[in-house]
Amino acid sequence: MATAAPSAASRIAVVTGASSGIGAATARQLATAGYRVVLTARRKDRIEALAEEITAAGHAATAYQLDVTDRAAVDEFASAFRTVGVLVNNAGGALGADPVATGDPAHWRTMYETNVIGTLNVTQALLPKLAASGDGTVVVVSSTAGHGTYEGGAGYVAAKHGEHVLAETLRLEIVGQPVRVVEVAPGMVRTEEFALTRFGGDEEKAAKVYDGVAEPLTADDVADTIAWAVTRPSHVNIDLLVVRPRAQASNTKVHREH
């Protein structure tokens, strides 16, 4: 199915957490779709390399080092734009897999700050710019963890539930404005860093997450759904798109081949 080209007024797409995984893949796909992508992340070297890659492929990309939990920095970043067409709130992540009884409050706090407050910061700062474009889209990359719980995941689940509710509430509050609010909730996605970060760099624990699963989702799979939602005609809002690998029926039921 052909995708609609972005209008001139809405050609800038900001992607947070663009240094790797879903964020980087989304930036590539939106650039291919005709957007001028602005890559943000804390790791300057990563996003600068990605911007060079995208530019070398004949598309437009700019890198901007940004910590989404730093509100002053986010406001300064947003001040550079008159209008923005798309915001992809992808920055986030999980830390630990401990039960509630022994979970690290510092991990919980970091996950909430990054996934929820980070999304809030960037969305608040860019919402007037998105409305000014006359055709804006806010994408919140949440997780199936925002729609169901599982043992050992409460801290991440709580943060992603918060992110889901943020998107749902925002959609109610700005109805009638020229801004769509899209939530994409991926299930099991195998990227180079997600599980490794969650388990503090323990490669064995990270590998067990995907053990026996023939084909987990890839970052490109998720980026494809984001790009598809963003490039629907302006009157079409994809409220919520849940995407899982075929082997995963729920957060707790996964077919593993042994």
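Helix α3 passes α4 in a right-handed crossing; a crossing is right-handed if the near helix is turned clockwise from the far one by less than a right angle, and left-handed if anticlockwise. This is a predicted model, in which local features need pLDDT of at least 70 and side-chain atom pairs count only at pLDDT 80 or more, while totals for chains, interfaces and linings use all residues. Residues are numbered from 1 along each chain as its sequence is written, and side-chain values use heavy atoms, with hydrogens and water left out.

A word on labels. Helices are DSSP runs of H or I with at least four residues, strands are runs of E with at least two, and both are numbered from the N terminus.

I start with α3, residues 71-78. Which of its residues are buried? They are Val74, Phe77 and Ala78, where buried means under 20% relative accessible area, exposed over 50%, and partly exposed in between, with a 1.4 Å probe and protein chains only. These three cover an arc of only 95° around the axis, which puts them on the same side of α3; the arc is that of the directions from the helix axis to the C-beta atoms. On the other side, Ala72 and Glu76 are exposed.

The buried residues of α3 pack against β1 (12-15), β2 (36-41), β3 (61-65) and α4 (105-132), contact being heavy atoms within 4.5 Å.

Now the α3 and α4 pair. Their axes come within 9 Å and cross at roughly 20°. Axes are lines fitted to C-alpha atoms, for helices over the stretch in contact, and angles run from 0 to 180 degrees between N-to-C directions. The two helices are therefore roughly parallel to each other; that label covers angles under 35 degrees, with over 145 roughly antiparallel, 65 to 115 roughly perpendicular and the rest oblique.

Next, α4 and α5, the latter being residues 154-173. Here the angle is about 15° and the axes are 7 Å apart, and this crossing is right-handed. On the α4 side, the residues that meet α5 include Trp108, Met111 and Tyr112.

Is His164 buried or exposed? His164 counts as buried, because its relative accessibility is 13%. Leaving aside neighbours within four places in sequence, His164 is in contact with Gly146, His147 and Glu183. The side chains of His164 and Glu183 are joined by a polar contact of 2.7 Å. A polar contact is a pair of N or O atoms within 3.5 Å; within protein, one must be able to donate a hydrogen and the other to accept it, and residues adjacent in sequence count only if both atoms are side-chain atoms.
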